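Let's take a walk through this protein, from its core out to its charged surface groups. Have the sequence and the model open side by side as you read.

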Amino acid sequence: MKKIIFGLALALMCSMGPAFAAEKVNINTATQEELAACPAVGADLAAKITEYIQNVGDFTSYDDLKEIEGIDDSKIKAITEFFVIEGVESFDCNC
């Protein structure tokens, strides 16, 4: 039940934009549903992200995200409005 409530709260925060997101979620521990709830990710990319984590392991840098088809610097910048990689400095790009 807690996961459902958390997922709904995350979806609401994502739909309202980054200004309303009080705390970013670790992308490595987010569920596919939590990822898909954010407009920066969506269902297709959420599936690819969770598949990558299951097959390769956790992301250890933001550049790791580029291993996924459809993710470039501008997409990473959008994703980092809602998600973080725990223990990794923030993503900085020239996009």
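## Ground rules

A nonpolar core, as used here, is a set of buried Ala, Val, Leu, Ile, Met, Phe, Trp, Tyr and Cys residues joined through side-chain atoms within 4.5 Å. Buried means under 20% relative accessible area, exposed means over 50%, and partly exposed is in between (1.4 Å probe, protein chains only).

What you're looking at is a predicted model, in which local features need pLDDT of at least 70 and side-chain atom pairs count only at pLDDT 80 or more, while totals for chains, interfaces and linings use all residues. Numbering runs from 1 along each chain as its sequence is written, and side-chain values use heavy atoms, with hydrogens and water left out.

## The overall layout

The protein has four helices and two strands, arranged along the sequence as α-β-α-α-α-β. Those labels come from DSSP runs numbered from the N terminus: H or I of at least four residues for helices, E of at least two for strands.

Of the 95 residues in the protein, 39% are buried. Take the contacts (heavy atoms within 4.5 Å) with a separation of 6 or more: 53% of them are between residues 24 or more positions apart. The accessible surface is about 5900 Å², and carbon and sulfur atoms hold 52% of it; areas come from the Shrake-Rupley method with a 1.4 Å probe, and for residues only the protein chains shown count as cover.

In soluble globular proteins, nonpolar side chains tend to be buried together. Here, the largest nonpolar core has 24 residues, and I27, L35, V41, I49, F59, I71 and F83 have the most contacts inside it.

Leaving aside residues up to four places away in sequence, V41 touches L35, A46, I49, I79 and F83.

## Helix α3, inside and out

Helix α3 covers residues 42-55, which is 14 residues, and spans 20 Å from first C-alpha to last, close to the expected 20 Å. That expected span is 1.5 Å times one less than the number of residues.

Which residues of α3 are buried? They are G42, L45, A46, I49, T50, Y52 and I53. Looking down the axis of α3, these buried residues fall within an arc of 155 degrees, so they line one face of the helix; the arc is taken over directions from the helix axis to the C-beta atoms. They pack against α2 (32-36) and α4 (73-79). Turned away from that buried side are the exposed residues A43, D44, Q54 and N55. After α3 comes G57, with a positive phi near 120 degrees.

## Charges on the loop side

How many salt bridges does a search of the whole structure find? The count is two, where a salt bridge puts a side-chain nitrogen of Lys or Arg within 4 Å of a carboxyl oxygen of Asp or Glu. K66 meets D63 at 3.2 Å, N to O, and K66 also pairs with D73, with the closest N and O atoms 2.8 Å apart. Through shared partners, D63, K66 and D73 join into one network.

The three are partly exposed: K66 has a relative accessible area of 37%, D63 has 45% and D73 has 28%. E67 sits in the loop between α3 and α4 and counts as exposed at 59%.
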